[in-house]
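Biologist: I am new to this structure. Please show me how to read its features, one at a time.

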Amino acid sequence: MGLICFPPAHGSELFTSSPRIPENTPASGLARGLLRGWEIYNSQEAVIIFLVSAAETNVPDQRYVEFKIYKQNPRVRVMRKTFVDFFNHGSIDSENRLFIAKDEVAVVYMRDGYTSDNYSSEKDWKGRLMVELSKAIKCPSIQYQLMGSKKVQQELARPGALEKFVTNKDTLETIRSTFAGLYSLDLGPEGDEAVELAVASPEKFVLKPQREGGGNNLYNAEITEFFAKHKNSAERNAYILMQKIFPWQHRNYLVKSGVPFVLSDVISEIGVYGVYIGSVDEELENYECGHMMRTKVCGTEEGGVVAGFAVLDTPFVF
């Protein structure tokens, strides 16, 4: 059983009576999803684990979701643990139930473990393996985490790939209409063609590694420099090439520490939060519960808020 919840940015929820500003309560929706997973697991004494880093920097938004859980069901206990905590104090019994010390675990909500930097020792890897081998509901499931990788996204964009999962033709075309061009860079004729495309027009593409968070992509001259070094190297296998998106521009003021408060040309990106609970056989929950909009100055390639490239914004419906 897998639970997928897309976390609210910095725990923010906007309450307004204006019909021009859409309702936005992602933390409440996420809490509802985690509680639904706890109910499906069906053990009244089991706990929900927020799996976090030992040096966690996102405590405020995590606590906000935790408080929403308590508000919706005060009986449920939430604990904050690390992979190393599971290595040191975790166990799996003969029924594949996961325990942390004496507490049975119903749901593991992973706020850590998305990059190689999160696994500083073999203890972290073994702690992750213990969680994955258990019957506890994981958020996200390992399948969904892998699906979010750049390489899997590129493979799903191949002709015929989506047909393995979606049969309705109208739905297929709707999904495909959202795809940018995605190209494999694996060594071989197909990858060589993609390299030639990138070298000929680097301004039209983005070079993306299998990494999460901002600051990892390569653009423009960086693409040219990369292929000058790695055109025929297996190093290029760690990347995919994506068609660059040129979004609609508008004007707004960005409020950022150390940045002049001036009217600027900006671009925005909006993402939708959702909760999905299901298995290979059935879908139990699938709903939207909010959104997050981020805005950055035109010409800024990266778009991460935490990384300092963009700011949180609010859509205004005309």
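This is a predicted model: local features need pLDDT of at least 70, side-chain atom pairs count only at pLDDT 80 or more; totals for chains, interfaces and linings use all residues.

Biologist: Where should I start? What counts as a strand or a helix?

Modeller: Both are DSSP runs, numbered from the N terminus: helices are H or I with at least four residues, strands are E with at least two. Take strand S6, residues 103-110.

Biologist: Is S6 mostly covered or mostly open?

Modeller: Buried means under 20% relative accessible area, exposed means over 50%, and partly exposed lies in between, with a 1.4 Å probe and protein chains only. S6 is mostly covered: eight of its eight residues are buried.

Biologist: Which strands pair with S6?

Modeller: Two strands pair if DSSP finds at least two bridges between them. S2 (residues 47-51) runs parallel to S6, with five bridges. There, Ile 49 has Val 108 as its bridge partner. S5 (residues 98-100) is antiparallel to S6, over three bridges. Leu 98 faces Val 105 across that pairing. S7 (residues 137-139) is parallel to S6, again with three bridges. In that pairing, Tyr 109 stands opposite Cys 139.

Biologist: How does the chain get from S6 to S7?

Modeller: A crossover is right-handed if, with the strands pointing away from the viewer, the path from the first strand over the helix to the second runs clockwise. Here the chain passes from S6 through helix H4 (residues 122-133) to S7, and this β-α-β crossover is right-handed.

Biologist: Which other hairpin can I look at?

Modeller: Look at S13 and S14, a hairpin with four residues between its strands. S13 (residues 263-278) and S14 (residues 283-297) are antiparallel and joined by 13 bridges. Ile 267 stands opposite Lys 296 there. S13 also pairs with S12 (residues 249-253), antiparallel, through five bridges. In that pairing, Asn 252 has Ser 264 as its bridge partner.

Biologist: How many aromatic pairs does the structure hold?

Modeller: Rings of Phe, Tyr and Trp (its six-membered ring) pair if their centres lie within 6.5 Å; planes under 30 degrees apart count as stacked, over 60 as edge-to-face and the rest as tilted. The structure holds seven such pairs. One is Phe 50 with Tyr 109, edge-to-face, 5.0 Å centre to centre and 85 degrees between the planes. Phe 50 sits in S2 and Tyr 109 in S6, 59 residues apart, so the pair links distant parts of the chain.

Biologist: Are Phe 50 and Tyr 109 buried or exposed?

Modeller: Phe 50 is buried, because its relative accessible area is 0%. Tyr 109 is buried too, at 2%. Phe 226 and Phe 227 make another edge-to-face pair, 5.2 Å centre to centre with 85 degrees between the planes. Both of those residues are buried.

Biologist: Which rings form a cluster?

Modeller: Ring pairs link Phe 83, Tyr 119 and Trp 125.

Biologist: Last one. Where is Ser 201?

Modeller: Ser 201 lies in the loop between helix H8 (189-200) and strand S9 (205-209). Its relative accessibility is 16%, so Ser 201 counts as buried.

Terms used. Residues are numbered from 1 along each chain as its sequence is written. Side-chain values use heavy atoms; hydrogens and water are left out.
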